[in-house]
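Visitor: Good morning. Could you take me through this protein chain step by step?

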Amino acid sequence: MRWALLIALLFFATPLVAGTLVANRAIPGRTVLQAEDVLLLAKETPGAITSIEDAIGLEARVNLYAGRPIRPGDLVTPAIVERNQIVQMIYSTGGLLIRTEGRALDRAGPGTFIRVMNLASRSIVTGKISPNGTVEVNP
């Protein structure tokens, strides 16, 4: 009986078609996507995201328009550091640890490199944002 069911499922199964993820409504930039914001269409569009899971929880980098395909470059990790925000800068090498404050010159999320101006010396350095919002500056 199980074999008959398996054969029937294989015989009558429809082939899987890759879908295209589109915006369900106009979504302004800097909006974190929720499940109700997107829709998966049955047609395939080259270069478009094909899974809802790949977009949920990410932030729209640009305005997304209803019915238009969403591409990977349209979405980024949600920002935790805003432009002009005062952030903690950490320089660590060997046994040396230096902490100081800096002003973020860009807006970005964890794992992203960002330019930061050291408030004490006014020099601009590049560092990586850690998940807790500090900026790790290394040579």
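Guide: The conversation below goes from the fold to the cores and then to the salt bridges. Please keep in mind that this is a predicted model.

Visitor: How many helices and strands does the protein chain have?
Guide: The protein chain has one helix and nine strands. From the N terminus, the order is α-β-β-β-β-β-β-β-β-β.

Visitor: Which strands pair with β7?
Guide: Strand β6, residues 96-104, is joined to β7, residues 113-118, by three bridges, and the two run antiparallel. β7 also pairs with β8, residues 124-129, in the antiparallel sense, over five bridges.

Visitor: Which residue in β8 is the bridge partner of I114?
Guide: The partner of I114 is G127.

Visitor: What do β7 and β8 form?
Guide: They form a hairpin with five residues between the strands, and R122 in the turn has a positive phi of about 65 degrees.

Visitor: Moving inside, which residues make up the largest nonpolar core?
Guide: It has 11 residues in all, including L21, A23, I27, L64 and I70. Apart from that core lies another of 10 residues, among them V87, A108, I114 and V137. In soluble globular proteins, nonpolar side chains tend to be buried together.

Visitor: What is A23 in contact with, leaving aside neighbours within four places in sequence?
Guide: Its contacts are D37, L64, Y65, A66, G67, R68 and I70.

Visitor: Is D37 buried or exposed?
Guide: D37 is buried, with a relative accessible area of 4%. It forms a salt bridge with R25, and the closest N and O atoms are 3.0 Å apart. Both residues lie in the loop between β1 and β2, so the pair ties together parts that are 12 residues apart in sequence. R25 itself is partly exposed, at 38%.

Visitor: How many salt bridges does the structure hold?
Guide: There are four. E59, E82 and R107 are linked in a network of them.

Definitions and conventions. Residues are numbered from 1 along each chain as its sequence is written. This is a predicted model: local features need pLDDT of at least 70, side-chain atom pairs count only at pLDDT 80 or more; totals for chains, interfaces and linings use all residues. Side-chain values use heavy atoms; hydrogens and water are left out. Helices (H or I, at least four residues) and strands (E, at least two) are DSSP runs, numbered from the N terminus. Two strands pair if DSSP finds at least two bridges between them. A nonpolar core is a set of buried Ala, Val, Leu, Ile, Met, Phe, Trp, Tyr and Cys residues joined through side-chain atoms within 4.5 Å. Buried means under 20% relative accessible area, exposed over 50%, partly exposed in between (1.4 Å probe, protein chains only). Contact means heavy atoms within 4.5 Å. A salt bridge is a side-chain nitrogen of Lys or Arg within 4 Å of a carboxyl oxygen of Asp or Glu.
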